[in-house]
Amino acid sequence: MKEIIKMTNIVKTFGEVHAIRNGNFNLFEGEIHSLIGENGAGKSTMMKILYGIYPIDGGDIEIYDKKMKDYTTKEAINLGIGMVHQEFMLVNEMTVLENIILGFEPKHSIAMVDFNEAKSKVLEYVKKYNLDIQINKKIKDISVGEAQRVEIIKTLYRGADILILDEPTAVLTPQETEKLFEILDNLKKSGKSIIFISHKLNEVMKISDRITVMRDSRYIDTVLKEDTSPAKLAKMMVGREVLLEVKKKKMETEEIILKVEDIYVPSDRELSKIRGLSFSLKRGEILGIAGVDGNGQKELVEAITGLREVQKGKIYFKDTQIANKTPKFVRETGIAHIPDDRNKRGLNREMNIKENLIATKFSDNAFSGVINLKEKEINKFCENIIKKFDIRPSNFNITTKNLSGGNAQKIVVARELESDTDLLIASQPTRGIDIGSIETIRKNIVEYRDKNKGVLLISAELEEILTLSDRILVMYEGKIVGDLDSKNANEENVGFLMTGGKEKDVI
């Protein structure tokens, strides 16, 4: 096979942080090559370098046997490299077609866009690769899976022969993931070369020809799929054996801790509006909420935590009615909240680790004196929490914006689990983080539950819902369409409900 990309001894630093110490990666024409590693291992930085977003501080990059210097994103696109980012780069109010051609519009004249030519070209890609999109719909009105296909067509439209996909299955259902893999297989068969960044090892094993592992900003090894296994890959990534299956105590309590009664919650998107939703959650129970992103899960969490208006219905935490109360009131009743977006609502990225860990405890007598904060007590508390939750680096004075996603997430999880609460709302607690951090966070959530506390778990990761939950509710278009005991739930029947299937049809 022809080698088309070669990255050798790459070095990249951001201030004092060594993002990459000795990065190595190569790509052959017509292959799917996966790049895996923990958060902070350097894999995303390597690919941003390849896409021209970051310059290198050392090492060499060769593309089609040409050594690159002062390399830019414009050059990358001109060389046929396209990147589908984890956070889609799409304009919600524009149509699918308008998003695809944005910045590369064919023109009738200087001022007129030739939409007929653009439509014809886009539909060629749709047909050739079986991409299944509706080009006249606005982005805000399409599914997550369809939005991802729009991003793929956008790179193809710009002439990409090399596609970099960053965590492409993070928000997809099992059915949408299978559809994506069919598309990638079609692209590969047509001669395209694909770099697949992921932390889902079973998927990596399914889709890859070769797999490169990074750990602690260093290149570890490149292996053929047939010569490895998920367990071997996990050990290379983390440096030890990793166990994602979590043992749970059997809980016998019947006490209902959270009761949601016939609530109606507004949303900007029609499919996300909650209409007449009811359920209850017991002490000692992890209640999983499964569903494709955008089917009302976010609205439900915000309604419970006081961040969104409830138009009708009631929400009881123990004996207290909390619908339409302030977030401060809800927290003070005994509810902790891991938000779905750590950067928007979970952390102040300009503050350091210590300040974020005690963000909800500043006024506690244990940490606050008459005039000043009790720095000695705060420091001791933070040292213990950092050790318990394996937050890296351990220096609590480091600003959180300089941390990897996994360690930033651990700060949020640690703060919420160490609060004096009886209910945890955990929304996407392991989204976009590495396997080592996932293991730690799952273990922490189960330990919280085993203290006879309740957990409402909302996750787009179906494997996570199936692994952690005692009971599973499935949401579709703002309603609960399934209520399954975890013993009877599997990827097939939960995935079926997630796409609008009826519970009566589940085997």
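**Exercise 1. How much space lies in the second largest pocket, and what lines it?**

Some ground rules first. This is a predicted model, in which local features need pLDDT of at least 70 and side-chain atom pairs count only at pLDDT 80 or more, while totals for chains, interfaces and linings use all residues. Residues are numbered from 1 along each chain as its sequence is written, and side-chain values use heavy atoms, with hydrogens and water left out.

Step 1. On a 1 Å grid over the protein atoms alone, a pocket is an open set of points with protein on both sides within 12 Å along at least five of seven lines. A cavity is a set of points where a 1.4 Å probe fits but cannot get out. Lining residues have an atom within 4 Å of a point. Grid points are joined across faces, edges and corners, and a volume is the space filled by probe spheres set on the points.

Step 2. Read the volume. The second largest pocket holds about 800 Å³.

Step 3. Find its centre. The lining has 31 residues, and K200, L201, N202, E203 and E463 are the closest to the centre.

Step 4. Trace the helices (H or I DSSP runs of at least four residues, numbered from the N terminus). At least two lining residues each come from α6 (174–189), α7 (201–207), α8 (230–238), α15 (435–449) and α16 (462–468).

Step 5. Sort by class. Ala, Val, Leu, Ile, Met, Phe, Trp, Tyr, Cys and Pro count as nonpolar, Asp, Glu, Lys and Arg as charged, and the others, Gly among them, as polar. The pocket lining has 14 nonpolar, 12 charged and five polar residues.

**Exercise 2. Describe the cavities and their linings.**

Step 1. Count them. There are two cavities of 30 Å³ or more.

Step 2. Take the largest cavity. Its volume is about 60 Å³. The lining consists of K298, V301, E302, H337, P339, D340, R345 and S427. Helix α9 (residues 297–304) gives the largest share, three residues. By class, four are charged, two polar and two nonpolar.

Step 3. Take the second largest cavity. About 40 Å³ of space lies there. G145, Q148, R149, L172, E176, K179, L180 and I183 line this cavity. Two or more residues come from each of α5 (144–157) and α6. The largest share is that of α6, with four residues.

**Exercise 3. In what order do the strands of the six-stranded sheet stand, and which are at its edges?**

Step 1. Set the rules. Strands are DSSP runs of E with at least two residues. Two of them pair if DSSP finds at least two bridges between them.

Step 2. Write the order. The open sheet runs β16-β17-β18-β13-β19-β20, with mixed pairing.

Step 3. Find the edges. β16 (335–338) and β20 (479–485) each have a single partner strand, so one side of each is left without a neighbour in the sheet. On average, neighbouring strands are turned by 15° against each other, direction ignored.

Step 4. β16 runs parallel to β17 (residues 423–427), joined by four bridges. I335 has L423 as its bridge partner in β17. Helix α14 (residues 405–417) packs on the sheet and touches β16 and β17 (contact: heavy atoms within 4.5 Å). The direction of α14 makes about 175° with that of β16. Axes are lines fitted to C-alpha atoms, for helices over the stretch in contact, and angles run from 0 to 180 degrees between N-to-C directions.

Step 5. β19 (residues 471–476) and β20 are antiparallel over six bridges. M475 pairs with I480 of β20. The two strands form a hairpin with two residues between them, and E477 in the turn has a positive phi of about 50°.
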